[in-house]
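Here's a quick briefing to read alongside the model. Have the viewer open and follow along.

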Amino acid sequence: MAAPSRPGSRARRRWAASAALAALALSLSACSPTTVVERGEAESTTVVERSEAESKPPSAASSPSPSPSGTPTYPSPTAAAAPAPSSAPAVSTPAVSADPANPLVVVNKRRPLAPIDFAPQLVAPNVVTASGQQELLNPVTAHAAEQMFAAATADGAPMTLLSGYRSYATQVATYNGWVARQGQEAADVASARPGYSEHQTGFAFDIGDHSGACSLQPCFKDTKAALWVAAHAHEYGFIVRYPWWHHETTGYYYEPWHLRYIGVEAATDMHRRGVATLEEYLGLPAAPAYSG
């Protein structure tokens, strides 16, 4: 009787092995969709990241950028985060003004000041300047700047005022200096022509980080002052006038230090809606270059 029992034992062992294989197959089948989904998400993330990287502009070593501040700068290799467009109701978009004393006046390469030698009323804001010398702004901008500088300091991101109002005569000298050194074509991408500079309105100024790091350079975007301004400037009526990669609209490459007063309501509306440029906000055509 012992010999016949061995084939039965082998059959039972074969059956047990088959059952184990079937259970393993079912287990693998149940897991495989999750594995495919996870791999697919990882691959799609890689594609998105690669696409974003490929769409980025040239590196800082490519070519000098247009800069209304009178100093040639270069496009930054990374962009500051832009606010996501909001679904919240927007205020009615105000009308663009041709009045150089109006906060919504637009000055760019297609829209000179009128009169071209306009000079605003000016005061000296009570803020820290980089040079230690007095800088001037128009009264409404000076008051807003004082509030903004104080708030930034309280939040641990103190800033300095680098350059405020520049007169028509000052811009004549600055621009002509560029022409004499490098020719008009180069001057037009390094300095605003007289009468075409926002600095002449008294509504615009350049800031620096209190540490003095990266003044008027692309790396300024990573300083405490620049990061604070990107998040809070609209609360005081200011916008970063020349945002990242919108030079085909504004005529100037990214300048995270160049602030422009347009009023709290308009600046907050732009920020909430994710509108990047003043031209777009006010329905104006792009101004990438001078018309003549």
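What follows covers a sheet, a helix, a disulfide and one arginine.

This is a predicted model, where local features need pLDDT of at least 70, side-chain atom pairs count only at pLDDT 80 or more, and totals for chains, interfaces and linings use all residues. Residues are numbered from 1 along each chain as its sequence is written, and side-chain values use heavy atoms, with hydrogens and water left out.

**The sheet**
- Four strands make an open sheet in the order β1-β2-β4-β3, with antiparallel pairing; strands are DSSP runs of E, at least two residues, and helices are runs of H or I, at least four residues, both numbered from the N terminus.
- β1 and β3 sit at the edges, each pairing on one side only (two strands pair if DSSP finds at least two bridges between them).
- On average, neighbouring strands here are turned by 45° against each other, direction ignored (axes are lines fitted to C-alpha atoms, for helices over the stretch in contact, and angles run from 0 to 180 degrees between N-to-C directions).
- β3 and β4 run antiparallel and are joined by four bridges, and I239 stands opposite R260 in β4.

**Helix α5**
- Within α5 (residues 224–232), A225, A226, W228 and V229 are buried (buried means under 20% relative accessible area, exposed over 50%, partly exposed in between, with a 1.4 Å probe and protein chains only).
- Looking down the axis of α5, its buried residues fall within an arc of 165°, so they line one face of the helix (the arc is that of the directions from the helix axis to the C-beta atoms).
- K224 and L227 are exposed on the other side of α5.
- The buried residues of α5 pack against α2 (139–154), β1 (159–163), β2 (204–209), β3 (238–242) and β4 (255–261) (contact means heavy atoms within 4.5 Å).

**The disulfide**
- There's one disulfide in the structure (a pair of cysteine sulfur atoms within 2.5 Å).
- C214 and C219 form this disulfide, with their sulfur atoms 2.0 Å apart.
- The torsion about the S-S bond of C214 and C219 is about -115°, so the disulfide is left-handed.
- C214 is partly exposed at 24% relative accessibility, and C219 is partly exposed with a relative accessible area of 35%.

**R241**
- R241 lies in strand β3 and counts as buried, at 1% relative accessibility.
- Its side chain makes a polar contact with the side chain of E198 at 2.8 Å (a pair of N or O atoms within 3.5 Å; within protein, one must be able to donate a hydrogen and the other to accept it, and residues adjacent in sequence count only if both atoms are side-chain atoms).
- Not counting residues up to four places away in sequence, R241 touches residues including V106, N108, H258 and R260.
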